[in-house]
Amino acid sequence: MKHLKTTLAVALGIAGASTITLAHDGATGMVMQRMEAMKEIGKSMKSIAAMVKGDTAFDGAAVQASADVIAEHAKHMPHMFPEGSLDKPTEALPVIWTQWDRFTEIAGKLNSDAQALGEAGKSASSAKDILPQLAEVGKSCKACHQDYRLAK
């Protein structure tokens, strides 16, 4: 039960933070593109979290589809952060480019974690079956947000 509560807290925290973060007006260009990608990741996490919380029926195919959205955006994440793309209203921190290897490593881990979540969704019979993979996705999101996004 403790594992379930921790997983839910991480998933819901990331999904909620993503929605709040992306409610900005005035973004253009690459900043807008990455904000839209983050918004889609947040929606995907919320969809899966709703199943885990029991707010919606568990649907393994929907888990896989949401995980695929996350994985696809994670794969392109490094391209969404060209050096110096700090136009307002971005919340990206300049440390991304001084810790580029770690940043891209986290994006790669998010991609592989999301792929594992999608695979788990294929064979899962309940939300409980995907909890370990969902927790890993949440940890990857949190690692990046913690170090590379402006604190709220």
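The largest nonpolar core in this predicted model has 34 residues, and the members that touch the most others are Met-77, Phe-81, Leu-117, Ile-130 and Val-137. Helices α2 (29-53), α3, α4, α5 and α6 each give two or more residues to this core. As general background, nonpolar side chains in soluble globular proteins tend to be buried together.

**Overall fold**
- The protein chain holds six helices and zero strands, so its pattern along the sequence reads α-α-α-α-α-α.
- Of its 152 residues, 45% count as buried.
- Take the contacts between residues at least 6 apart in sequence: 75% of them join residues at least 24 apart.
- The chain exposes about 7,800 Å², with carbon and sulfur atoms supplying 56% of that area.

**Around Ile-130**
- Ile-130 is one of the core members that touch the most others.
- Setting aside neighbours within four places in sequence, Ile-130 is in contact with Ile-48, Val-52, Phe-58, Val-63, Leu-117, Ala-120, Gly-121 and Ala-124.
- One of those contacts, Leu-117, is also on the list of core members with the most touches.

**Aromatic pairs**
- Searching the whole structure turns up three aromatic pairs.
- Phe-81 and Phe-103 make an edge-to-face pair, because their planes stand at 70 degrees, with ring centres 5.0 Å apart.
- This pair links distant parts of the chain: Phe-81 sits in the loop between α3 (60-76) and α4 (95-98), while Phe-103 belongs to helix α5 (residues 100-123), 22 residues apart.
- Phe-103 also pairs edge-to-face with Tyr-148, at 5.6 Å centre to centre and 85 degrees between the planes.
- Since Phe-103 lies in helix α5 and Tyr-148 in helix α6 (residues 131-148), this second pair ties together parts that are 45 residues apart in sequence.
- Phe-81 and Phe-103 are both buried, and Tyr-148 is buried as well.
- Together with Trp-100, the residues Phe-81, Phe-103 and Tyr-148 form one aromatic cluster.

**Salt bridges**
- Side chains of opposite charge can pair when their charged atoms come close, and a search of the whole structure finds seven salt bridges.
- Asp-147 bridges to Arg-102, with the closest N and O atoms 2.7 Å apart.
- That bridge links distant parts of the chain, with Asp-147 in helix α6 and Arg-102 in helix α5, 45 residues apart.
- Asp-147 is partly exposed at 27% relative accessibility, and Arg-102 is partly exposed at 35%.
- Within helix α3, Glu-72 and Lys-75 lie three residues apart, about one turn of the helix, and their closest N and O atoms are 3.3 Å apart in a salt bridge.
- Both of these residues are partly exposed: Glu-72 has a relative accessible area of 39%, and Lys-75 comes in at 45%.
- Glu-136 and Lys-139 form a salt bridge with closest N and O atoms 3.2 Å apart; they are three residues apart in helix α6, so about one helical turn separates them.
- Glu-136 is partly exposed at 28% relative accessibility, as is Lys-139 at 48%.
- Glu-136 and Lys-139 are linked with Lys-109 and Asp-113 in a network of salt bridges.

**An exposed loop residue**
- Ser-125 is found in the loop between α5 and α6.
- Its relative accessibility is 65%, so Ser-125 counts as exposed.
- Ser-125 and Asp-59 are 66 residues apart in sequence, with 8.4 Å between their C-alpha atoms.

Terms used:
Residues numbered from 1 in each chain as written. Predicted model: local features only at pLDDT ≥ 70, side-chain atom pairs only at ≥ 80, totals over all residues. Heavy atoms only, no water. Phe/Tyr/Trp six-rings, centres within 6.5 Å; stacked < 30°, edge-to-face > 60°. Helix = DSSP H or I, 4+ residues; strand = E, 2+ residues; numbered from the N terminus. Buried < 20%, exposed > 50% of the residue type's maximum accessible area, 1.4 Å probe, protein only. Core = buried A, V, L, I, M, F, W, Y, C linked by side-chain atoms within 4.5 Å. Contact = heavy atoms within 4.5 Å. Areas by Shrake-Rupley, 256 points an atom, 1.4 Å probe, with all protein chains shown as cover. Salt bridge = Lys/Arg side-chain N within 4 Å of Asp/Glu carboxyl O.
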